[in-house]
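Let's walk through this structure together, starting with its overall layout and ending with a few charged side chains. Keep the sequence and the model in view as you read.

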Amino acid sequence: MSIHDDLDIFFKGLDAVEVSVCGEDRTFKAYKNTDMDSVSLGRAMTLNPDQPIMTCKEVDGVGLDQESQVIMEGKPYDVLDFTADGTGLGELELMLAQEGE
């Protein structure tokens, strides 16, 4: 059993979202960190649900780059970036795909 197998238990919760990679027969579970993309001291946070940041296992995010697209909650998203954090997890930055792409 590897560290990646041990992480599976954290992605079995009710809040986990299934993510499908377009053009591949691959799905994985991820959590929305928050839909907030900016914070200013003394001001309210700005919500941007069109640019979610997801936490997923590193092995699931590896290979996803700006050429990748995923489907989450029935909507297509372009991948902006994937950054591994060195613990077996990583952050997947998404942006709602524009219609006609």
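This is a predicted model: local features need pLDDT of at least 70, side-chain atom pairs count only at pLDDT 80 or more; totals for chains, interfaces and linings use all residues.

The protein's secondary structure consists of two helices and eight strands, where helices (H or I, at least four residues) and strands (E, at least two) are DSSP runs numbered from the N terminus.

Residues are numbered from 1 along each chain as its sequence is written, and side-chain values use heavy atoms, leaving out hydrogens and water.

The protein has 101 residues, and 29% of them count as buried; buried means under 20% relative accessible area, exposed over 50%, and partly exposed in between (1.4 Å probe, protein chains only). If you take contacts (heavy atoms within 4.5 Å) between residues at least 6 apart in sequence, 47% join residues at least 24 apart.

Now for the charged pairs. The whole structure holds two salt bridges, each being a side-chain nitrogen of Lys or Arg within 4 Å of a carboxyl oxygen of Asp or Glu. One joins the side chains of Glu24 and Arg26, at 2.9 Å from N to O. Glu24 is partly exposed at 43% relative accessible area, and Arg26 is partly exposed at 22%.

Glu73 forms a salt bridge with Lys32, with 3.0 Å between the closest N and O atoms. This pair links distant parts of the chain, 41 residues apart: Glu73 sits in the loop between strand 6 (69-72) and strand 7 (75-84), and Lys32 in strand 2 (residues 26-32). Glu73 counts as exposed at 51% relative accessibility, whereas Lys32 is partly exposed at 33%.
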